[in-house]
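Open your viewer, get ready to select things one by one, and follow along.

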Amino acid sequence: MRVGVLTGGGDCPGLNAVIRAVVRKAEKVHGDEVVGFLDGWRGVLDNDTMPLDIQTCRGLLPRGGTVLGTSRYQPFMYDDGIDRVRATFAEQRLDALVCIGGEGTLSCTNEIHKLGFPVVGVPKTIDNDVGGTEMTFGFDTAVHIATAAIDRLHTTAESHDRIIVVEVMGRHVGHIATWAGIAGGATMTLIPEEPFDIESVCAALVRRHEKGKYASIVVVAEGARPAEGTLDIPEPGVDQYGHKRLGGIANVVAGEIEQRTGYETRVTILGHVQRGGTPTAHDRVLSTRYGIAAIDAVHDEDWGAMVALDSGKIVRKRLKDCVAELKYVDQGLWSAAKNFFP
Ligand code: F6P
């Protein structure tokens, strides 16, 4: 078979490990030829490719980012987008396309599948919000990075008896915030799923500080929002694809905390450092398992499948079901986190 691979949306640690696993099994077991499309769907639209084989994938397992490049371009943004995709499939004599991406890329892959294209999806994102799978690769690495940062922030916050508000990624969901908050012993965590009341946040911090000279770490997901009518926040700008450019809610939260409580408060926004660098061992293994499962799905001609983690096993789900709804923070986990709030 001749198999295409693309990586779309925001990058994350483990993308290269998936590419490597797809290529390894495709070439070694099936004798396939693999072609990589550059910059996600942009490469398919423009027929812009690079060859992928076992040799070119050497050393990729621990490498962050994606050697294929990525973008948020999608065929449906253009009137002639689908014709261009069809032309590329024909010119490349493609039998299948493996699409590695998050919610946006996988939704697009599902629409492309509905038009009859032979596609298979692999779920990626540090946000861990793709439906149908217990975990996306990249998430574990991001949680490790955020937790390590919180550990460091504790010592400086304690030395100065300050509050530090640390902002982590999480556009629609608070998986990174909840996990890193628990792992890092955060005083409080604010997530998009639970609109916060700044007055209650401040009251909790005062309760804690009144008991002694204790610094606090407040973890805020970038997508966290105040309960309606409680606090005005600036409307975020949009990027070239029309996506809201989040980041900065920590500044608003910290300003309010300092003003309302009088406690000295500082801000750390972790931003893209959570997406960069080498994947954890867990993410390397998950990415590798996903890559192998994706090429298996290709050879079973299971078009419209998405590989997923379910009860520790790699299974296949239907893309249409997985993109129907985001995966939010589990209520049980959230109440475990809340046990530690003051
Ligand atoms: O989708 C993952 C994510 O990391 C979000 O948490 C974040 O809002 C977004 O990507 C930012 O991506 P970029 O800066 O690349 O547009």
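Select Gly-170 and the ligand: a backbone N or O atom of Gly-170 lies 3.4 Å from an oxygen atom of the ligand. Keep in mind as you look that this is a predicted model. Then pick Arg-72, whose side chain has an N or O atom 2.9 Å from an oxygen atom of the ligand. How much of the ligand does the protein bury? Taken alone, the ligand exposes 400 Å², and the protein buries 80% of that.

**Stop two: the shell**

Now select every residue around the ligand: Arg-72, Thr-125, Ile-126, Asp-127, Met-169, Gly-170, Arg-171, Glu-222, His-272 and Arg-275. Hide the ligand for a moment and look at the space it takes, which is the largest pocket.

**Stop three: the two domains**

The domain assignment gives domain 1 as 2-138 + 279-322 and domain 2 as 139-276. Where does the ligand lie relative to these domains? Both domain 1 and domain 2 give residues to the shell around the ligand, so the ligand lies between them.

To finish, look at how the domains are placed. Their C-alpha centres lie 33 Å apart. Select the residues where the domains touch: 22 residues of domain 1 are in contact with 20 residues of domain 2.

Terms used:
Residues numbered from 1 in each chain as written. Predicted model: local features only at pLDDT ≥ 70, side-chain atom pairs only at ≥ 80, totals over all residues. Heavy atoms only, no water. Near = heavy atom within 4 Å. Polar contact = N/O pair within 3.5 Å; in protein donor to acceptor, adjacent residues only side chain to side chain. Areas by Shrake-Rupley, 256 points an atom, 1.4 Å probe, with all protein chains shown as cover. 1 Å grid on protein atoms, 1.4 Å probe; cavity = no way out; pocket = protein on both sides within 12 Å on 5 of 7 lines; lining within 4 Å. Sits in = over half its atoms within 2 Å of the grid points. Domains from an automatic or database assignment. Contact = heavy atoms within 4.5 Å.
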